[in-house]
Amino acid sequence: METPAVEQDIHDIAMSLPEVTRLTHAGDLPVYQVKRKSFVFFRGARPDAVDPETGERLTDVVCFFVPDEHEKRALVDGDGPFFTTPHFDGHASVLVRLSELHRISRDELSEIITDGWLCRAPKRLAARWLAEHSGE
């Protein structure tokens, strides 16, 4: 596998995209937004995400917006670390534990974050970015 993804990659990739703002919520958990629309956010312990073995609330969960339900199902049903919970039914996003992030490559992570940014960015900004990066 290529270079495994690590938490710092999330921050670096998100901030490399145009017009991104980093905010915090629930104390100091990062949220990345484009024009006040979140596309990546870190979650605190919530009752909907628990360790299947211990029942303890997960404290290392990150939510990534995805373009649509089809993409969500592909990621959740694939062999990667992505999952969802009933709380996110009908929401175009996937969850991943930071402790499982190494199971995907930095390039895969970049694609997921960029796709999330593209679906949340204003149409003109997204179109301009796509035109600038069409040869990559």
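1. Strand S1 (residues 20-25) and S2 run antiparallel, joined by 6 bridges. Strands here are DSSP E runs of at least two residues, helices are H or I runs of at least four, both numbered from the N terminus, and two strands pair if DSSP finds at least two bridges between them. Valine 20 has valine 34 of S2 as its bridge partner. The S1-S2 hairpin has 3 residues between the strands, and alanine 26 takes a positive phi near 45° there.

2. A word on what we're looking at: this is a predicted model, where local features need pLDDT of at least 70 and side-chain atom pairs count only at pLDDT 80 or more, while totals for chains, interfaces and linings use all residues. Residues are numbered from 1 along each chain as its sequence is written, and side-chain values use heavy atoms, with hydrogens and water left out.

3. On its other pairing, S2 meets strand S3 (residues 37-43) in the antiparallel sense over 4 bridges. Tyrosine 32 has valine 40 of S3 as its bridge partner. The S2-S3 hairpin has 2 residues between the strands, with lysine 35 in the turn at a positive phi of about 50°.

4. How enclosed is S2 (residues 29-34)? Largely, because 6 of its 6 residues are buried (under 20% relative accessible area; exposed is over 50%, partly exposed in between; 1.4 Å probe, protein chains only). Leu29, Val31 and Gln33 point one way, and Pro30, Tyr32 and Val34 the other. In a regular strand the side chains alternate between the two faces of the sheet.

5. Histidine 11 sits in helix H1 (residues 7-16) and counts as buried because its relative accessibility is 10%. Its side chain makes a polar contact with that of glutamate 7 at 3.4 Å (N or O atoms within 3.5 Å; within protein, one able to donate a hydrogen and the other to accept it, and sequence-adjacent residues count only if both atoms are side-chain atoms). Beyond four places in sequence, histidine 11 is in contact (heavy atoms within 4.5 Å) with Arg22, Pro30, Tyr32 and Phe42.

6. Asp9, Ile10, Ile13 and Ala14 are among the other buried residues of H1. The buried residues of this helix pack against S1, S2, S3, S4 and H3.

7. The largest nonpolar core has 38 residues, and those with the most contacts inside it include Ile10, Phe39, Val40 and Trp117. Such a core is a set of buried Ala, Val, Leu, Ile, Met, Phe, Trp, Tyr and Cys residues joined through side-chain atoms within 4.5 Å. Tryptophan 117 touches residues including Val20, Val34, Phe39 and Trp129.
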